[in-house]
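Here is a short briefing on one protein chain. Look at the sequence and the structure first, then work through the points by topic.

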Amino acid sequence: MVSLMLSDMGLMLDISFKTASHDEDDDLFVDVDVDVDSSVLLPSVVKVLRKLRDHNPSLQRKLSHGIASSTDTDTATATDQEGPDHSLSYWNRYKQSPMVIMDQDNNNFIGINFGGLMVRLVNVIPFLQALDEEKIDLHTINLGGTDIGMDNLYEGIQNLSVELRMSWKKLYLGGCGISCRKGMDDFMNVLKLCPNVETLDLRYNDFTGEDMEKFKSQLSWNECKVSILHLEGNVVKCDGAASVGSILSQTKDLKELYLGGNRIGVEGAKALANGLNENSSVVKIYLEANLIGDEGANAFSEVLLDQNERQCKVLEKLYFENNGIGKDAATKLGGAVNSAGLIGGSLFD
């Protein structure tokens, strides 16, 4: 049975991030399933992680806080010496957000997570070069809230072999100021080099309608495999929603779309509804706090009721909290989503 649901925005992610501008109460990241223990890492993994740490002063300070250093890990011979950074617990000392993700079945290094660490990265090129040298294929790259420049990330990814680039499945770049730092073109190039990314987190990047128009061509590309897309907290507004609607009408892979807090308004909601009418893949859409009102809600109701009648509706969950929707429009929308007509009272503003 499908239903209209209400939920906090960040709880569906495996890993997300928290930036300095957010309140401490925000549920913008969840714990990664990683054991923080004293396991000894392979020398190849230590080499790669040292490249990341030693070229990013903010990370270096974060990891060295409260640890007395007896060796100089910047030296060429340090790679061959055992020290505190050979232990997994050194890198994952912040238990609320473990930085190194290991496969629990075979103990392989499979991901890097900066969600919640609140560090600033300035250079990931040496890290990515080392990954290529050691032939380590990561599945999850979470750079959320690090302010990493897209030019630096793009240059670094170009150093990876095609095989290693193809292994990237989850890419988190929320809170990196991509648009305001004029990084959109480099970001688009990053996506072209990593076509197997399935989860893409781009929340809080100041994306505008113009950015979404550029983004549209990439997500509509046949080789793009993004199935979960996070765009919360941007400023796509009505024009950007029209571009997202166009994406909905063309994509066959997208399954979850998160658009909370984007000021899309009534016309933006209508554009999204039109796109949804041609979509056969999306099962969840999050549209909290978008000033949609009754008119925008009714646009979705009409599309969903029509799809119900044609027996082609795939949407299962629609999150519409804080949109100024009256009881009649909300009841109609609830009936369109799950056909039972029952909605939680908290939907009514």
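The chain has an accessible surface of about 15,000 Å², with areas taken from the Shrake-Rupley method using a 1.4 Å probe, where for residues only the protein chains shown count as cover. Carbon and sulfur atoms hold 46% of that surface. The model is predicted, so local features need pLDDT of at least 70 and side-chain atom pairs count only at pLDDT 80 or more, while totals for chains, interfaces and linings use all residues. Residues are numbered from 1 along each chain as its sequence is written, and side-chain values use heavy atoms, with hydrogens and water left out.

**Confidence**
- The mean pLDDT of the chain is 84; pLDDT is the predictor's confidence in each residue, from 0 to 100.
- Of the residues in the chain, 81% reach 70 or more.
- Residues 70-80 have pLDDT below 50. Beyond near neighbours in sequence, this stretch has 13 contacts in the model (contact means heavy atoms within 4.5 Å).
- Residues 339-349 also have pLDDT below 50, with 24 contacts beyond near neighbours in sequence.
- Where pLDDT is low, the predicted coordinates should not be read in detail.

**Overall build**
- The chain has twelve helices and nine strands. These are DSSP runs, numbered from the N terminus: helices are H or I with at least four residues, strands are E with at least two.
- Of the 349 residues, 53% are buried (under 20% relative accessible area; exposed is over 50%, partly exposed in between, with a 1.4 Å probe and protein chains only).
- Among contacts with a separation of 6 or more, 81% join residues 24 or more positions apart.

**The sheet**
- Nine strands form an open sheet with mixed pairing, in the order E1-E2-E3-E4-E5-E6-E7-E8-E9. Two strands pair if DSSP finds at least two bridges between them.
- The edge strands are E1 (100-102) and E9 (317-319), and each pairs on one side only.
- The twist averages 5° from one strand to the next.
- Strands E3 (residues 140-142) and E4 (residues 170-172) pair in the parallel sense over three bridges. Ile141 has Leu171 in E4 as its bridge partner.

**One residue up close**
- Ser246 sits in helix H9 (residues 237-250).
- Is Ser246 buried or exposed? Ser246 counts as buried because its relative accessibility is 19%.
- The side chains of Ser246 and Gln250 make a polar contact (3.0 Å). A polar contact is a pair of N or O atoms within 3.5 Å; within protein, one must be able to donate a hydrogen and the other to accept it, and residues adjacent in sequence count only if both atoms are side-chain atoms.

Technical notes: Axes are lines fitted to C-alpha atoms, for helices over the stretch in contact, and angles run from 0 to 180 degrees between N-to-C directions.
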